[in-house]
Amino acid sequence: MARSPRRALRLRRSSALVAWPRGRWVLVHNFVAGTTAACGGAVLSMLAGAGRPYNVTELGRALRRSGDPDPATTLRRLVETAILVVPGSAVAREEASWRRTWRWGPVAAAFHRSLRDLRFLPIEESEVLLRARARRRPPPRVIPEPGPGRTPLPQPRIRRGVLAHLMKRESIRDMSGAPVNARAVADVLFAGLGVRALLRIPVQGDLPLKLAPSGGARNPIDGYLLARNVKGIPPGTYRYSGLRRELERVGPLPAGTLPDLLGGQPWAAEASAVIFLVASLGRAMWKYEHPLSLRMVLFEAGHIAQNMLVAASDAGLAAWPSGAVSDTRVEEALRVGGPDRAVLYAVVLGHPRDSGPQGPRRARSAKSSASGGKSGSASRQVRASRSAAQRASGSRPAASSARASRSRLRG
Ligand SMILES: Cc1cc2nc3c(=O)[nH]c(=O)nc-3n(C[C@H](O)[C@H](O)[C@H](O)COP(=O)(O)O)c2cc1C
C-alpha cells in the first residue's frame, strides 16, 4: 500500500497582531494569545508576506534570504508566541471569532485584552514599591493649586434633596458577613440598571432608558448578582433584568472565596453580595464602529456603579466599587464569554461590621469619630482604601496606610 506523503506544516501570520518599537527590535504582540516576540528585520519582512498559509520550508527560505542564520529556531519561537499560527488550530479559531466580532480595530482590542487577569499586588508589596518610587519621583499633587481670579459660589445645599443622599456615599469595606435584605439589593440593582421607559426608534427597535445614562441608549452593560448571603435569595449567581425588575438564575456560587473573584482583595471576604457589571460590547459596536465607543462603555459602567453605590449607602449597606476583578474566574462563574463580552467592574455589598442595634448609622459615626486614626476599624478602613485596582503594577496612590487619615468635610 502506497504511503501518503506527510503534509508539510503550514503556517500563516496571526491576524491579531499589534507592534511597537523597542531598541533595535520591533515587539510583535498577539492580543488574543497575550504573547509577545521581539522581531528583527528578517522576521518582519517574512511576516509581511505571510498573510496566507505557507509551508515551513518556504517560510524558512524567506528568513534565510533575509539573513536569518537559524530559521528553524526562529520559526519555532514564532509559533510558540502565536505570531505565526497553524490554520484551524485553537488560537486560529479564537482569532477568527475576534475578526467576526470586534469592530474597533487591533489597537483597542490589544488595550482591552491586555488589561485582563492582572496580578494585583498585596498591600504590603505595593507600599514598599510606592516608597521606593516616591524617592525617585515625588508623587504629583492631587489637589491643584488655587488659580487666579477665584469666584466664590453659594454653599452647596448638602442637607437637602439629592446632595444629602450623595453625601452619605462612602466606600465601606469592613463588613460582617451578615445577611442583607433582598429589598435593599433590589433597590441597588434598580438604581443602576432599572428601566424607567422604553424608547422605540426606527431600525434599532426598543431601547431601554435607565436611571443612569447610556451612550446612544445602546445599554451595553448588564448586571449580574452574586448572592452569597441575601435574605430571600438562594445563594448563587443571577442576571438582573432591569425591565422586568427580577433575577434570572445563572448558576451556583462559584468555588473559592470572594477575594478570589476580586483580585485577591482580602477585605472582600465578608461581603454578602457582589454585583458584576458585564459589558456586551457588540451592542455598542453595532452602532458605533469607532473605538471611542469603548470609552463610552467604561463611562457608563461608572454611572451605573455610582447610582448603585448611592442607593446602597441610602439603604444602610456597606458598599465599595472594585475595579480589580479576576476576569476569567468571574466570567466563568457568570457563564459569559466571547471577544465582545467582558466583566468591567463590581459593586461589593454587605452588612457594615460595626452596625449594632442602632443600625448602620453607628458604623459611620464610629468611623468618623475615629478618623484621627485611633480606632482599629477606622485604620482598617483607611488601609483598605488603597484599592487593589490602584495596586495593579504602576498605579498606586503613594500615602502610607499607617499615616493616612481622613478628614471629612461637613456642611
Ligand atoms: C474606578 C474605581 C475603581 C476602584 N477600585 C477599587 C478596588 O478595586 N478596591 C477597593 O477597595 N476600592 C476601589 N475603589 C474605591 C476607591 O478606593 C475609593 O473610592 C476612594 O478611596 C475614595 O473613597 P470613597 O469612595 O469613600 O469616597 C475604586 C474606585 C473607583 C472610582
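Visitor: What makes two strands a pair here?

Guide: Two strands pair if DSSP finds at least two bridges between them. Keep that in mind as we look around this predicted model.

Visitor: So how do you know that strand 2 pairs with strand 3?

Guide: Count the bridges: six of them join strand 2 to strand 3 (residues 25-30). The cut-off is at least two, so this counts as a pair. The two strands run antiparallel. For one spot to look at, find Val-18, whose bridge partner in strand 3 is His-29.

Visitor: Why are strand 2 and strand 4 said to stand at the edges?

Guide: The sheet is an open one of three strands, in the order 2-3-4 with antiparallel pairing. Strand 2 (17-22) and strand 4 (35-39) each have a single partner strand, so one side of each is left without a neighbour in the sheet. On average, neighbouring strands of this sheet are turned by 25 degrees against each other, direction ignored.

Visitor: What makes strand 1 and strand 6 a pair?

Guide: Two bridges join strand 1 (residues 10-13) to strand 6, and they run antiparallel. Since at least two are needed, that is a pair. Arg-12 stands opposite Val-85 in strand 6. This belongs to another open sheet of three strands, in the order 5-1-6. Its edge strands are strand 5 (54-55) and strand 6 (84-85), each pairing on one side only.

Visitor: Which residues of helix 2 and helix 3 meet?

Guide: From helix 2, Val-56, Leu-59, Gly-60, Leu-63 and Arg-64 meet Pro-71, Ala-72, Thr-74 and Leu-75 in helix 3. Sorted by type, the residues of this contact are six nonpolar, two polar and one charged. The axes of helix 2 (residues 56-65) and helix 3 (residues 71-80) come within 9 Å and cross at roughly 115 degrees. The crossing is right-handed.

Visitor: Why does Thr-328 count as exposed?

Guide: Thr-328 has 12 C-beta neighbours inside 10 Å. The cut-off for exposed is 12 or fewer, so Thr-328 counts as exposed. You'll find Thr-328 in helix 12 (residues 327-334). Thr-328 is 212 residues from Arg-116 in sequence, yet 7.9 Å from Arg-116 in space, C-alpha to C-alpha.

Visitor: Where does pLDDT stay under 50?

Guide: Over residues 357-406. Where pLDDT is low, the predicted coordinates should not be read in detail. For the protein chain, the average pLDDT is 88, and 85% of the residues score at least 70.

Conventions. Residues numbered from 1 in each chain as written. Predicted model: local features only at pLDDT ≥ 70, side-chain atom pairs only at ≥ 80, totals over all residues. Axes fitted to C-alpha atoms, helices over the stretch in contact; angles between N-to-C directions. Helix = DSSP H or I, 4+ residues; strand = E, 2+ residues; numbered from the N terminus. Left-handed = near helix turned anticlockwise from the far one by under 90°. Contact = placed C-beta atoms within 7 Å. Nonpolar A, V, L, I, M, F, W, Y, C, P; charged D, E, K, R; others polar. pLDDT = per-residue confidence, 0-100. Buried ≥ 20, exposed ≤ 12 C-beta atoms within 10 Å, placed from the backbone.
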